[in-house]
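User: I have a model open and would like to go through it residue by residue. Can you take me through some of it?

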Amino acid sequence: MKPVKVGLMGLGTVGTGVVRIVEGHQADLQSQVASPIEIAKILVKDASKSRSVAIDPSKLTEDPWDLVRDEEIDIIVEVMGGVGATKELLLEALERGKHIVTANKDLMALHGQEILAKAKEKGCDVFYEASVAGGIPIIRTLIEGFSSDRITKIMGIVNGTTNYILTKMSQEGADYQDVLKEAQALGYAEADPTSDVEGLDAARKMTILSTLGFRANVTLDDVDVKGISGVTQEDIRYAHQLGCEIKLLGIAERQDDFISVSVQPTLVRRSHPIASVNGVFNAVYVHGEAVGETMFYGPGAGEMPTATSIVADLVAVVKNMKLGVNGRQASLSYKEKKLKTDEQIASKYFMLLHVEDRAGVLMQIAQVFSKYDVSIESVMQPVTPDQQGAQLIISTHAADKASMKAVQKAFEELPAVKTIKSVYRVEG
C-alpha cells in the first residue's frame, strides 16, 4: 500500500506528541484508513538539537518551503504557531493541492475564512480541531453533531491557565500574583502571561466557536474581553457567600439571529456543572433549540491530548482522500452577522461597592438602580471592622448591559459611593 505522506511543521511539545502517536499507533491507523501514514519531513528551528523521540535526521529541515514544495507530501500538519508567515505557507500549500491540519487558534481566529475559502476553491481539507480545547472534540461536534440543530448559546472554560489560577485562589485562598508565579513555574503560564490572563487566548477560541456555532463570520473585534488580573480574594470570598465560583467564561449567545460574544470573569452558581470544572481542565457548554443542554469536558492542552485531536483530524483527511470527497466540509460562514447592542445583552449581575457608612446611603443606591430600571435581587452588608465605610454586595435580576453601564456611571458621580470595587456577570 502506498503510504500517505505528511509534512510536520513544528517539533515542540505537540509536534513530538504527533510523532509518538503516528509511529506508535501505526497498526491502528492503518486499520482505519487502509494505508500507512508516514511523517516524511519535519520542520524544526535547529536540526542539530537532541530530541526526546528518535527521528531520522534526513527527515529534518529548517526551511518550511521544503515541505510546501515537496510534491510527494499530501498533508501538512502545522503546529509551529505564528500568523503572517504561517498563513502564507499554508495558502501556498493549499494552492499546490495539499490538505491542512492545524492547531493554530490565532491563525484560524484571524484568517480562518480566507484559508477555508482557498481550501474550498482547491478541493482541499482544512481541519483544526486542536485549535480549541485541546483533547475535547468540540469543533467536530459543532460542525457535525449539531448540524441538524440551531445553537443558541456556547459557554466555555477554554483557557486552562486562568482556570488553574482561579481554582487555586478559590480552594486555597491564595492571592492572584502568588498563584500566577506558581503557574509559571509549573509551565502552565508563559513568562509573559498577558494573552492568557487578560482573556485574549480565550477570545480567539470563542471567535472560532461562535463562527462555527452561529454560521456567521465572527471576528476577534466582535468579542468583548476582560481578563482575570483584577479578581481579588475578596471577590471570591463574597462569591462563595452567594453560592458561586468565579470562572473566566467565554459566552456566545444568539437570539432572533442577533449574537453577542464575550470573555469575562463570571460568577457561576455552584448548581451549574461548569462551576465544578477545576485546574487546567476545559469545558464547553452548548445549548441547542432541539437537543437542549449539553456539556463537553476534558484536558484543554498538553502534548498527548492535543496531539490526539491532531491525529484524529489527520485520519479524517486520509479517509476523505480515499473517498474522493476532500474539500466538501469547509465550514464557511453563510449567515449575515448581526451583533446585539448593549440594550439587547441581558444577564444577572454582581456588584461590590465601598460606600459611606451612614443613614440614607442604601436608599440612594436603590434609587439609582430604580432610575435605570434595574431590579435588585439581594443586598448584603458584610462586617468590615478594619475598614472605614461599608461594603455592599448587590445581586441584580436580569438587566441589560446598557442599563448597568448607566448605573455604574451614576455611582461614579455619587458622593456616597467611594469605590465600585467589582462588577461581574452571573450565570447559572
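Analyst: We can start with K409, which is exposed, with a relative accessible area of 53%. Buried means under 20% relative accessible area, exposed over 50%, and partly exposed in between, using a 1.4 Å probe and protein chains only.

User: Where is K409, then?

Analyst: K409 lies in helix α14, residues 401–412. Helices (H or I, at least four residues) and strands (E, at least two) are DSSP runs, numbered from the N terminus.

User: Before we go on, what kind of model is this?

Analyst: This is a predicted model: local features need pLDDT of at least 70, side-chain atom pairs count only at pLDDT 80 or more, and totals for chains, interfaces and linings use all residues. Residues are numbered from 1 along each chain as its sequence is written, and side-chain values use heavy atoms, with hydrogens and water left out.

User: OK. How far apart are K409 and M351?

Analyst: In sequence, K409 and M351 are 58 residues apart; in space they are 13 Å apart, C-alpha to C-alpha.

User: Is M351 buried or exposed?

Analyst: M351 counts as buried, at 1% relative accessibility. Its place is in strand β13.

User: What does M351 touch?

Analyst: Leaving aside neighbours within four places in sequence, M351 is in contact with F369, L392, I393, I394, M404, V407, Q408, F411, S422 and V423. Contact means heavy atoms within 4.5 Å.

User: Changing topic. How many helices and strands does the chain have?

Analyst: There are 14 helices and 17 strands in the chain.

User: Pick a helix and tell me which residues are buried.

Analyst: In helix α2, residues 26–33, the buried residues are Q26, L29 and V33. They cover an arc of only 65° around the axis, so they are on the same side of α2. The arc is that of the directions from the helix axis to the C-beta atoms.

User: And what is on the other side of α2?

Analyst: A27, D28 and S31 are there, and they are exposed.

User: What do the buried residues of α2 pack against?

Analyst: They pack against α1 (13–24), β2 (37–43) and α12 (303–323). Just after α2, A34 takes a positive phi of about 65°.

User: Which residue in a loop also has a positive phi?

Analyst: One of them is D256, with a positive phi of about 55° although it is not a glycine. D256 lies in the loop between β9 (244–255) and β10 (258–269), and it is exposed, with a relative accessible area of 66%. Another is D373, which is not a glycine either and has a positive phi of about 60°. The loop that holds D373 runs between α13 (361–371) and β14 (376–380). D373 counts as exposed at 70% relative accessibility.

User: Now the whole chain. How much of it is buried?

Analyst: Buried residues make up 54% of the 428 residues.

User: What are the spans of the chain along its principal axes?

Analyst: The C-alpha trace spans about 85 × 45 × 35 Å along those axes. With 428 residues, a compact globule would have a radius of gyration near 22 Å, and the chain has 24 Å, which agrees. The radius of gyration is taken over C-alpha atoms, and the globule rule is 2.2 Å times the number of residues to the power 0.38.

User: Last one: what share of contacts joins residues at least 24 apart in sequence?

Analyst: The share is 73%, among contacts in the chain between residues at least 6 apart in sequence.
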